[in-house]
Amino acid sequence: MSPANAPDPNLTAQAQWRLAQIVADTYERSKLGGLLYLFGWAVVALFGQMHQRAPAWALATGVGFLVAGLWRWRFRPSGPAEPARLRAYLRNYGFVMLLSPVLWVVAQVWLLRDPRFDDTTQTVALIATIGYCTVFANVYVTTRLLAAAGVATMFLPTLAVLWSDPRHLAMAVTMTLYGVYLVGATVRSHADYRRRLRLDQQLREQSDRYEWLSRVDPLTGLYNRRYFADQLDQSVALAQRGDAVLMLMIMDVDHFKRINDHHGHAAGDACLADLAARLQQAFAGRDALLARLGGEEFGILLRGIGEQEAISLAERFRRSLDESPPQFDDTRLAVTVSVGVGAFDAARDGNGDGLYREVDRALYRAKDLGRNRVQRVASAEAQ
């Protein structure tokens with residue numbers, strides 16, 4: 001496979017990565033947050049002496065917070081990171097996240113309405129409400145809708161109850177002013193998160209781009225020698241286990257210096273780029289890895305085909321250069337290639353370096369025999 005035929009990671013899947021990151025951030029930021037409501041309820045219940053005033057209600061509410069918190073913690077994202085699946089997860093997880101705020105605001109309204117609870121208990125509950133709203137406004141801002149829904153769910157009913165009772169006028173005014181802060185905090189925190197997400201994406205794309213360029217020869221768009229060597233070692237390891245036949249070709253342009261000397265280096269570069277494009281066409285549909293090994297030398301790794309078929313492909317490519325020579329500025333360039341071909345033999349080669357040496361020897365035999373030919377690795381008996 002040539003990198004010219006592979007998708008550039010910097011040009012695809014950006015929106016999907018962003019969506020997947022939002023899903024991951026949403027869960028990681030909030031997975032344990034549901035249990036904080038249980039802690040808050042325990043404190044309120046203690047101050048309000050609910051074990052005496054309303055034990056059944058206090059216990060049922062505590063169990064509700066526990067169930068909602070555990071459900072949130074266990075609602076992990078899983079499965080393929082497909083956009084539709086990710087959006088469905090965000091939607092469903094949003095409902096799960098809002099269970100605790102809904103249960104909390106019901107308890108908050110009850111505490112404010114029930115005359116059995118004194119100002120201290122109500123104040124403790126309101127402080128907890130402020131804290132939970134602040135978390136939604138500053139932490140759970142991966143999606144603006146989720147943050148706004150969490151704040152509104154807890155804050156608006158509480159504020160309505162405070163304004164409806166003259167005894168809570170001072171607290172109602174204070175909470176109203178704080179509500180203005182919550183709106184601004186939600187907008188600001190969401191914008192900050194989006195900026196961080198964009199920065200992370202840019203850094204990721206830059207890293208992917210550097211990694212991509214570290215594998216690729218910039219002139220031909222084929223893989224470079226270092227990546228080819230790594231893949232050769234991996235392919236040999238698979239061949240040693242008997243997973244597949246492995247063929248290696250090393251191809252060298254004959255008398256390439258003459259092209260540079262007679263037509264200039266621009267013509268030489270154009271010739272190499274043309275050969276790379278032809279190689280991609282010649283080996284399209286094959287399990288092939290193409291690379292420029294350096295200068296005018298190319299390497300081809302072929303998996304799953306026999307030696308005779310590999311030699312036929314090399315011969316067909318070699319003849320195609322005679323039938324349709326590369327051109328530069330309307331000038332046909334007389335280009336021929338010599339090719340060494342060999343199959344990995346564990347007994348003969350031992351490893352990837354051994355296979356490379358044998359095929360390289362075959363290439364030089366092709367040159368010694370007059371160039372413009374394909375030469376297979378000599379058998380062990382002949383050697």
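Q: Where do Tyr 178 and Tyr 181 lie, and how many residues apart?
A: Both lie in helix H8 (residues 169-215), 3 residues apart, about one turn of the helix. Helices are DSSP runs of H or I with at least four residues, numbered from the N terminus. The model is predicted: local features need pLDDT of at least 70, side-chain atom pairs count only at pLDDT 80 or more, and totals for chains, interfaces and linings use all residues. Residues are numbered from 1 along each chain as its sequence is written, and side-chain values use heavy atoms, with hydrogens and water left out.

Q: Why is the pair of Tyr 37 and Trp 104 called edge-to-face?
A: Rings of Phe, Tyr and Trp (its six-membered ring) pair if their centres lie within 6.5 Å; planes under 30 degrees apart are stacked, over 60 edge-to-face, the rest tilted. Here the centres are 6.4 Å apart and the planes make 65°, so the pair is edge-to-face.

Q: What makes the pair of Tyr 178 and Tyr 181 tilted?
A: The centres are 5.2 Å apart, with 40° between the planes.

Q: Why is Tyr 178 called partly exposed?
A: Buried means under 20% relative accessible area, exposed over 50%, partly exposed in between (1.4 Å probe, protein chains only). Tyr 178 has 22%, so it is partly exposed. Tyr 181, at 37%, is partly exposed too.

Q: What makes Arg 76 count as lying over the face of Trp 73?
A: A charge sits over a ring if NZ of Lys or CZ of Arg is within 6 Å of the ring centre and within 35 degrees of the ring normal. Arg 76 lies over the face of Trp 73, at 4.9 Å from the ring centre.

Key: Helices (H or I, at least four residues) and strands (E, at least two) are DSSP runs, numbered from the N terminus.
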